[in-house]
Amino acid sequence: MQRTVAAFALLPLSLAACGPTASPSTGPGPSDTLRIGGARPGTGAIERLVYQPVSPALPAIPAANGALAIRVIEPTSGSARPRSQRTIIYGTVGTGQAALEINGTAVPVAPNGAFIAYLPTPQDGAWRLRAQRGGEEVTQTLEHARPSTGGGGSTGAASQNAVYATARAGTVTGGADTLATGSDAIYARPTPTGTYRWFFPRGARLSVVERRGDQYRVQLDPSTEAWVDARNLQVAETGAPPAPGAVTASTTRAEGWTDLRVRAGGRPFLVEVTQTGAVVTVYGATATTVSGGQATGEAAGGSARITVPTGGMPWGYKAWYEGSGDLVVRVRRPPAIDAANPLRGRRIVIDPGHPPAGATGPTGLYEGDANLAIALPLAEKLRARGAEVILTRTGREGLVSSTNSSQELGARVRLAVERDADLLISVHNNAFGEGQDPFQAHGTSVYYFHPMSAGLAQSLDREIVGVTRIRDIGARESNLALARPTWMPTALTESLFMPIPEQEAALRDPAFVDRLADAHVAGIEAFLRSRAGGGR
């Protein structure tokens with residue numbers, strides 16, 4: 001028996017689902033018809049359901065009729081049992097002519113054999129799959145790892161918890177000497193689990209008031225505190241942090257940037273990018289005077305705020321301490337852009353995201369390969385328009401590591417800074433988090449972290465969604481390593497979702513991939529044109 005599942009019917013059912021007894025969502029269609037003839041799960045004929053795409057504007061999924069074989073991509077055997085009530089399971093049965101059942105629920109199969117379902121997480125941690133074609137039947141059981149019954153972890157960090165009666169002097173010893181990549185200097189958060197807000201180069205001197213587990217709480221000024229990982233600070237048992245006091249500052253204008261030098265004595269700082277310049281807050285400064293004619297300053301509430309105008313939004317910035325404790329903030333002005341040919345002369349780093357890590361689609365397309373397939377023609381199209389393009393990789397090998405994500409991501413953003421790139425674009429495709437409903441959560445998105453990158457992300461998103469024609473998640477701020485560099489506008493694109501069958505299939509289609517590359521070019525070009533004449 002064959003039944004086609006209508007795409008529009010899923011949404012009301014899944015929106016109404018509110019507990020483990022709700023009907024499972026097996027694909028883009030009604031999920032209340034599970035099997036034929038009242039057959040007991042695991043026996044009898046399986047009703048064949050034909051997958052209907054949730055993104056029908058994409059190219060049609062090509063048919064495949066290979067050997068009947070079950071291959072589950074996610075979840076993986078032996079992985080931890082998800083804590084969510086429902087779980088995504090996807091993979092392939094090798095043929096579009098198959099019928100599939102998972103834990104007693106009939107699941108639609110795409111023409112190329114791919115499947116994706118959103119089912120109740122099995123209480124016993126086991127997924128039991130059956131697939132049939134004609135007189136053939138294959139089965140597979142996939143089991144999650146059993147929960148650990150071991151004791152609690154180490155209490156070493158907790159035993160050091162203390163609120164200090166008198167603030168202690170802390171010096172940043174981790175990270176790097178210069179803030180430029182967003183992954184070099186150490187970060188601080190406004191709460192123990194908040195997003196990054198401050199980035200402190202090595203040598204910053206902090207007022208430490210509490211140790212809590214693996215973090216220190218530091219007092220930046222009377223009303224501002226931050227949390228820093230303990231491994232990045234050296235805290236003195238005796239001695240006081242820098243006392244509040246006046247600071248002086250001066251500016252020097254050079255080709256392409258303005259340097260702000262503050263006699264900060266190692267005091268912590270924050271750089272904020274605005275529509276007209278950069279505002280540098282120096283904490284613990286009770287007064288400030290600024291010379292050089294390129295900045296203005298004021299002090300209030302225990303901090304000094306120094307404004308460096310750039311005649312428009314800055315292109316980026318770097319910051320570091322010199323041996324004397326002086327703080328130098330280099331504010332980058334926009335390059336000279338020709339509105340008629342905005343790509344001419346621009347140096348652009350294109351990063352095909354992954355490896356390490358990365359998602360895999362139902363029929364085995366690895367995200368790193370899909371990203372590279374977009375990035376290579378993107379690079380050639382940019383070069384044809386006069387840009388200098390640097391690729392972080394041209395094959396499966398990373399810059400420094402194919403297994404250590406932290407090292408590899410750090411190397412990629414350092415390359416962009418060391419080569420003095422005008423832009424950094426990281427090309428990705430997406431995957432789902434634990435418990436997400438794939439039929440509701442998929443869409444096109446682009447991510448940025450700093451304000452000078454928002455326009456780039458918005459331009460890319462607008463052009464890419466015009467090609468994918470799926471839900472527009474939009475341009476969003478996110479704390480991602482490839483979005484954090486401070487020296488240039490950066491963006492990370494997520495065009496499609498690897499686990500969705502027709503989206504994975506589209507990423508195998510050379511004509512569609514070429515259109516995605518064109519969309520990236522158009523987004524980059526539109527952003528640069530919008531910044532033409534933006535003041536050097």
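Hi everyone, let's start inside helix α3, where the buried residues are Glu408, Gly410, Ala411, Arg412, Val413, Leu415, Ala416 and Val417. Buried here means under 20% relative accessible area, while exposed means over 50% and partly exposed lies in between, with a 1.4 Å probe and protein chains only. Helices (H or I, at least four residues) and strands (E, at least two) are DSSP runs, numbered from the N terminus.

Before I go on, a word about the model. This is a predicted model, so local features need pLDDT of at least 70 and side-chain atom pairs count only at pLDDT 80 or more, whereas totals for chains, interfaces and linings use all residues. Residues are numbered from 1 along each chain as its sequence is written, and side-chain values use heavy atoms, with hydrogens and water left out.

Now the overall picture. The protein has seven helices and 32 strands, and buried residues make up 55% of its 536 residues. Contact means heavy atoms within 4.5 Å. Among contacts between residues at least 6 apart in sequence, 71% join residues at least 24 apart.

Back to α3. This helix covers residues 405–418, and its 14 residues reach 20 Å from first C-alpha to last, close to the 20 Å expected at 1.5 Å a residue. The expected span is 1.5 Å times one less than the number of residues. At the start of α3, a side-chain oxygen of asparagine 404 comes to within 3.1 Å of the backbone nitrogen of serine 406. That is a polar contact: a pair of N or O atoms within 3.5 Å, where within protein one must be able to donate a hydrogen and the other to accept it, and residues adjacent in sequence count only if both atoms are side-chain atoms. Just after α3, aspartate 420 takes a positive phi of about 55 degrees.

What do the buried residues of α3 pack against? They pack against β25 (316–321), β27, β28 (388–391) and β29.

Let's follow that last strand. Eight of the eight residues of β29 are buried, so this strand is largely enclosed by the rest of the structure. Leu423, Ile425, Val427 and Asn429 point one way from β29, and Leu424, Ser426, His428 and Asn430 point the other way. Two strands pair if DSSP finds at least two bridges between them. Five bridges join β27 to β29, running parallel, and valine 349 has leucine 424 in β29 as its bridge partner. Six bridges join β29 to β32, also running parallel, with phenylalanine 497 in β32 as the bridge partner of asparagine 430. Asparagine 430 is buried, at a relative accessible area of 13%. Leaving aside neighbours within four places in sequence, the contacts of asparagine 430 include Ala359, Ser445, Tyr447 and Glu494.

Next, helix α7, residues 510–530. Its 21 residues should span 30 Å at 1.5 Å a residue, and its end C-alpha atoms are 30 Å apart, which agrees. At its start, a side-chain oxygen of aspartate 509 reaches to within 3.0 Å of the backbone nitrogen of alanine 511. The buried residues of α7 pack against β27 (347–352), α2 (367–384), β29 (423–430), α5, β32 (490–497) and α6 (501–506).

Which residues touch the most other members of the largest nonpolar core? Of its 58 residues, they are Ile348, Ile350, Leu382 and Ile524. Helix α7 gives the most to this core, with nine residues. A nonpolar core is a set of buried Ala, Val, Leu, Ile, Met, Phe, Trp, Tyr and Cys residues joined through side-chain atoms within 4.5 Å. In soluble globular proteins, nonpolar side chains tend to be buried together. A second, separate core of 50 residues includes Ala204, Leu270, Val280 and Ala483.

One last stop is helix α5, residues 454–468, where we find serine 459. Serine 459 counts as buried at 5% relative accessibility. Beyond its neighbours within four places in sequence, serine 459 is in contact with Gly523, Ala526 and Phe527. Aspartate 461 and glycine 523 are 62 residues apart in sequence, yet 7.4 Å apart in space, C-alpha to C-alpha.
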